[in-house]
Amino acid sequence: MGSKGLKAVVLEESGPPEIPYHEKELFNTANKNYIAGIKAHPVSGEAMPALGTAVLINIVNALGALPTNNFSAGNFGDAEKISGENLAKIQGERGGKENQPCQPGCPISCSNIYHDENGRHLTSGFEYETIALNGSNCGINDLDTIAMIDRMCDDFGLDTMETGTTIAVCMEAGKAKFGDGKAALGLVEEMIEGTELGKIMGNGTVFAGTKLGVKRIPVVKGQSIAAYDPRALKGTGVTYATSPMGADHTAGNSILEQSVTPTQKEGQVQVSTNLQVGMATFDNLGMCIFSGFCTEDPANIGYLLEMMSGRYGGEWDPDRLFTLGIKTLALEKSFNSKAGFTEKDDALPEFMYREKLPPTGSVFDIGPEKLAEAVPFKED
Amino acid sequence: MDVNVKLYSVFRLEYPDYDAEKGLRVNIEEESTILDLLIALGIEQQRVAMVNLNGEITQDKSVVLKEGDLVQVFPFFGGG
């Protein structure tokens with residue numbers, strides 16, 4: 001937005017908008033039931049409210065998929081130090097808060113407010129992706145350092161994920177040592193100051209990596225890869241390669257998937273396609289994807305369909321609902337195609353097909369013919 | 001026999017004095033399975049999404065444990 005000259009967005013406080021319901025009673029009853037479903041699910045009802053998204057650090061580490069030292073390993077020896085469990089412990093000691101809603105009325109409330117060692121507010125919304133990509137991916141094992149990076153990004157208006165992957169390619173280029181938290185903070189400061197290196201970094205991971213001569217640049221369609229190494233979580237890897245969004249894990253993350261093992265080759269294209277449809281559908285509804293975990297129980301899909309009827313009228317079945325997602329994906333793909341993307345862009349970085357990721361020793365071995373079968377949706 | 005157990009996420013919160021570095025040292029009978037261990041720990045097996053046994057992921061709770069095994073126990077997760 002800054003590049004378009006947008007300075008501010010001003011909202012006039014005149015109360016919430018009047019929402020027109022086709023059948024408000026039906027909507028409200030179904031909504032209550034759906035919320036009960038969210039709270040009954042072990043992830044959205046237990047783990048997320050208690051420990052936030054940072055709970056994923058130890059889990060993804062155990063899967064061997066935690067980006068470490070610019071995606072050169074999937075296991076970080078100090079994962080425990082930057083884990084959600086340790087974060088929660090620190091919160092207790094310093095007066096920070098877990099279980100915070102990122103919007104009013106959220107029934108999950110998985111966000112947080114993080115205090116420094118003096119008990120003063122340091123940052124908020126301190127989430128898994130930020131912690132992993134500025135933490136293990138940079139070899140950094142100190143939550144306070146990572147929280148400071150988060151704070152600086154928030155203050156200046158930098159995407160924390162892209163910042164983390166950019167710092168890591170700079171480390172690979174020798175601009176700092178992996179694990180040097182102080183140097184990492186210095187690099188972020190350079191971005192804010194606008195030094196020559198800072199301006200290079202400010203153009204993102206592809207630009208910085210290319211300029212600095214780094215061969216291992218973790219991006220798809222220019223978007224830096226999220227904190228799940230696709231070699232050890234192949235369903236998510238298919239999503240990175242084929243989603244119109246680029247390497248976006250929220251477009252279809254296979255971490256909960258039970259029907260395939262994370263490193264097997266078979267079945268991942270179907271897993272990713274189903275997830276991409278589900279996520280795009282939820283994007284249409286304006287609902288947080290964490291509120292979708294409970295739809296593994298079909299009763300909750302039923303409540304969702306009742307909410308659609310209550311809000312918009314008409315008959316809703318799962319087909320009609322998920323067609324929203326399918327149409328969205330078709331439209332996005334069409335846009336990308338007109339913008340010049342081709343099938344060649346539906347691929348992971350070259351090094352991930354070749355370099356075995358410790359400790360699983362896995363490479364990404366799903367080829368272009370198979371990837372072409374993912375999200376096979378065309379505009380009518 | 002003794003096995004080493006590490007608990008994660010909400011399971012850890014259910015053990016107030018849990019030591020994150022050491023985990024738990026649990027004494028169980030020879031030939032115990034992962035399921036037997038979970039019963040000994042008081043963790044309902046349906047709540048367990050994944051076990052990492054000596055560095056390898058398994059969902060098979062009938063696996064027989066050996067002396068000194070490292071068993072990491074995870075509840076359900078999703079993300080994010």
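User: Let's start with strand partners. Which residue does B:Met50 stand opposite in S5(B)?

Analyst: This is a predicted model, and in it B:Met50 stands opposite B:Phe74 in S5(B). The general idea goes like this: strands of a sheet pair through backbone hydrogen bonds, either parallel or antiparallel. Here, strand S3 of chain B, residues 48-53, and strand S5 of chain B, residues 70-75, pair in the antiparallel sense over five bridges.

User: And how many bridges join S3(B) to S4(B)?

Analyst: Three bridges, with S3(B) and strand S4 of chain B (residues 56-58) running antiparallel. One pairing to look up is B:Leu53, which stands opposite B:Glu56 in S4(B). These two strands form a hairpin with two residues between them. In that turn, B:Asn54 has a positive phi of about 50°.

User: Okay, over to chain A. What sheet do S1, S2 and S3 form there?

Analyst: An open one, in the order S1-S2-S3, with antiparallel pairing. Strand S1 (97-100) and strand S3 (121-124) of chain A are the edge strands, as each pairs on one side only. On average, neighbouring strands of this sheet are turned by 20° against each other, direction ignored.

User: Which residue takes a positive phi in the hairpin of S2(A) and S3(A)?

Analyst: A:Gly119, with phi near 80°; this hairpin has five residues between the strands. While you're looking at that part, find helix H6 of chain A, residues 143-156: H6 lies across S2 and S3 of chain A, at about 70° to S3(A).

User: Now helix packing. What do I look for?

Analyst: Two packed helices are described by the angle between their axes and the distance between the axes. The crossing is left-handed. Among the residues that meet are A:Phe27, A:Ala30 and A:Tyr34 in H1(A), and A:Tyr303, A:Leu304 and A:Met307 in H13(A).

User: Zooming out, how many helices and strands are there in chain A?

Analyst: Chain A has 16 helices and five strands. Its radius of gyration is 21 Å, close to the 21 Å that the globule rule gives for 380 residues, so chain A is as compact as a globular protein of that length. Along the principal axes, the C-alpha atoms of chain A fill a box of roughly 60 × 55 × 45 Å. Buried residues make up 46% of the 380. As for contacts with a separation of 6 or more, 66% of those in chain A come from residues 24 or more positions apart.

User: Last one: how do I read the interface?

Analyst: The size of an interface is often given as the accessible area lost when the parts come together. For this pair, go by residue counts: 23 residues of chain A are in contact with 18 residues of chain B. On the chain A side, helix H2 (42-51), helix H3 (56-62) and helix H4 (84-94) are the elements that give two or more residues. H2(A) provides the largest share of that side, six residues.

Key: Residues are numbered from 1 along each chain as its sequence is written. Chains are lettered from A and ligands numbered from 1 in the order in which they are written. This is a predicted model: local features need pLDDT of at least 70, side-chain atom pairs count only at pLDDT 80 or more; totals for chains, interfaces and linings use all residues. Two strands pair if DSSP finds at least two bridges between them. Helices (H or I, at least four residues) and strands (E, at least two) are DSSP runs, numbered from the N terminus. The radius of gyration is taken over C-alpha atoms; the globule rule is 2.2 Å times the number of residues to the power 0.38. A residue is buried if 20 or more other C-beta atoms lie within 10 Å of its own, exposed if 12 or fewer, and partly exposed in between; C-beta atoms are placed from the backbone. Two residues are in contact if their C-beta atoms, placed from the backbone, lie within 7 Å. A crossing is left-handed if the near helix is turned anticlockwise from the far one by less than a right angle, and right-handed if clockwise. Axes are lines fitted to C-alpha atoms, for helices over the stretch in contact, and angles run from 0 to 180 degrees between N-to-C directions.
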